[in-house]
Amino acid sequence: MKKISGMEYNSLVWFLIRAGYIGVTISNLIMISGRDSWISGIVALILGFIPLAIFAYIQNYDDKKNICELNEYLFGKFGKVINIILALGVFIVVVLAFVDIVHFINTQFLYRTHPFIISVVFIVPIIYGVLKGINAISRTSLLLFYIVVAAVIFIVFSVFGGVDIQNLQPFLNTKSSSILHGSLIIIAYNILPLFFLLIIPKMQLTNYSHKKSIIFYIIAVLSLANAAFLTIGTFGLELSLLYEYPEFHLLKKVEIGNFVDRLESILSTEWIIALFILIMVGMYYVTKTFAHTFKFKEKTNKVFIIFACLLVLFISPFVLVTNGSSNEWYKHYMLYIMFAVFFIIPLIIMIRCLLKHSHNEDSA
């Protein structure tokens with residue numbers, strides 16, 4: 001078992017938190033929480049410690065087992081059913097992320113290129129990354145992390161001067177229920193995907209510190225709240241609602257003198273990279289689960305990885321992300337699915353761990 005460094009692992013934490021923000025989270029967040037969207041980000045940061053604590057307990061229960069092996073240990077044969085349900089939930093997230101990345105590139109950059117062509121171009125490196133395994137994915141993630149963080153810092157300092165505080169006033173004018181709803185949107189699409197990392201047994205990590213992961217978590221979620229703050233502070237609420245990708249248009253405010261044209265095209269690759277990492281980690285989770293559950297041999301597993309990735313490719317054209325009904329889907333139905341699969345089920349797993357631990361202590 002090849003080891004993954006703590007820094008590589010934490011770079012995955014960063015990208016999984018930031019991945020779903022473009023398109024899905026921020027558009028729905030602004031519609032729900034309005035000028036107080038950034039406050040929803042702060043509330044999400046605090047409430048997000050609940051699922052984070054659940055994931056940490058599951059991870060620490062048996063450092064030799066990943067989530068699939070642990071479920072079978074805790075629930076016996078029913079653990080296989082739980083594993084399949086979780087894998088299907090991850091697969092749905094992967095498909096939606098793939099649709100989002102293709103739609104973003106198609107509408108903002110390559111609007112004359114057929115979406116299927118863009119999909120094919122992206123699915124090839126995804127297949128390659130998943131075939132190489134989580135070690136290759138984590139190393140790639142760490143390499144890109146340093147580049148992305150430098151870009152984020154540059155963006156913040158470049159855009160902050162354009163913020164008009166009047167665009168954010170009056171503060172706390174949104175209903176508390178709407179602020180809470182907005183925070184649940186962030187938790188669902190930006191914090192709960194950290195569950196994917198439970199496919200990596202803790203024993204596989206070297207120089208890992210849970211405290212460092214928490215620091216990465218705090219900074220990443222605060223960066224989401226800051227993105228909402230800068231977007232609404234710069235454009236105002238009405239204009240932010242008009243844009244399909246308001247955070248992308250915010251990048252057009254970034255300038256280096258007068259000699260760099262369309263700088264936003266370069267800086268927006270940060271969101272594309274985050275989605276790309278999320279998709280690869282998600283597909284690794286799905287294929288690892290099926291390989292473990294059905295005892296695939298190495299050759300069969302490789303064929304299944306290719307099949308599963310191609311399934312994403314052929315399903316994605318049938319998923320709509322641009323009409324009004326898609327916003328209702330993300331604000332309600334998909335929100336329920338995310339919490340049911342990646343909060344309720346992990347909570348049940350944690351309770352089972354507690355009961356098992358208590359039973360073992362009584363037996364001893």
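At what angle do helix H6 and H14 pack, and how far apart are their axes? Before I answer, please note that this is a predicted model, in which local features need pLDDT of at least 70 and side-chain atom pairs count only at pLDDT 80 or more, while totals for chains, interfaces and linings use all residues. Residues are numbered from 1 along each chain as its sequence is written, and side-chain values use heavy atoms, with hydrogens and water left out.

Helix H6 (residues 78-108) and H14 pack at an angle of about 155°, and their axes are 9 Å apart. H6 is therefore roughly antiparallel to H14; angles under 35 degrees count as roughly parallel, over 145 as roughly antiparallel, 65 to 115 as roughly perpendicular and the rest as oblique. Axes here are lines fitted to C-alpha atoms, for helices over the stretch in contact, and angles run from 0 to 180 degrees between N-to-C directions. Helices (H or I, at least four residues) and strands (E, at least two) are DSSP runs, numbered from the N terminus. The crossing of H6 and H14 is left-handed; that term applies if the near helix is turned anticlockwise from the far one by less than a right angle, and right-handed applies if clockwise.

A second pair is formed by helix H3 (residues 37-47) and helix H9 (residues 176-191), which pack at about 60° with axes 8 Å apart. H3 and H9 are therefore oblique to each other, and their crossing is right-handed.

Which residues make the nonpolar surface patch of about 730 Å²? They are Phe116, Ile117, Val120, Val121, Val124, Leu131, Ile306, Leu310 and Phe314. Helix H7 (115-132) and helix H15 (298-315) are the elements that give two or more residues to the patch, and H7 gives the most, with 6 residues. Such patches consist of residues with over 30% relative accessible area and no salt bridge, with like charges joined within 9 Å and nonpolar side chains (Val, Leu, Ile, Met, Phe, Trp, Tyr) within 5 Å. Accessible areas come from the Shrake-Rupley method with a 1.4 Å probe, and for residues only the protein chains shown count as cover. Valine 120, in helix H7, is partly exposed at 32% relative accessibility; buried means under 20%, exposed over 50%, and partly exposed in between.

Next, the charged pairs. There are 5 salt bridges, each a side-chain nitrogen of Lys or Arg within 4 Å of a carboxyl oxygen of Asp or Glu. One of them joins aspartate 62 and lysine 65 at 2.8 Å, N to O. Another joins glutamate 72 and lysine 80 at 3.3 Å. Glutamate 298 is exposed at 60%, whereas lysine 302 is partly exposed at 42%.

Finally, the loops. Most residues other than glycine have a negative phi, and most peptide bonds are trans. Asparagine 207 has a positive phi, near 55°, and lies between strand S2 (205-206) and helix H10 (210-235). Lysine 295 also has phi near 55°, in the loop between helix H14 (269-293) and H15. The peptide bond from glutamine 169 to proline 170 is cis, with omega near 0°; proline 170 lies in the loop between helix H8 (134-159) and H9.

Methods: Buried < 20%, exposed > 50% of the residue type's maximum accessible area, 1.4 Å probe, protein only.
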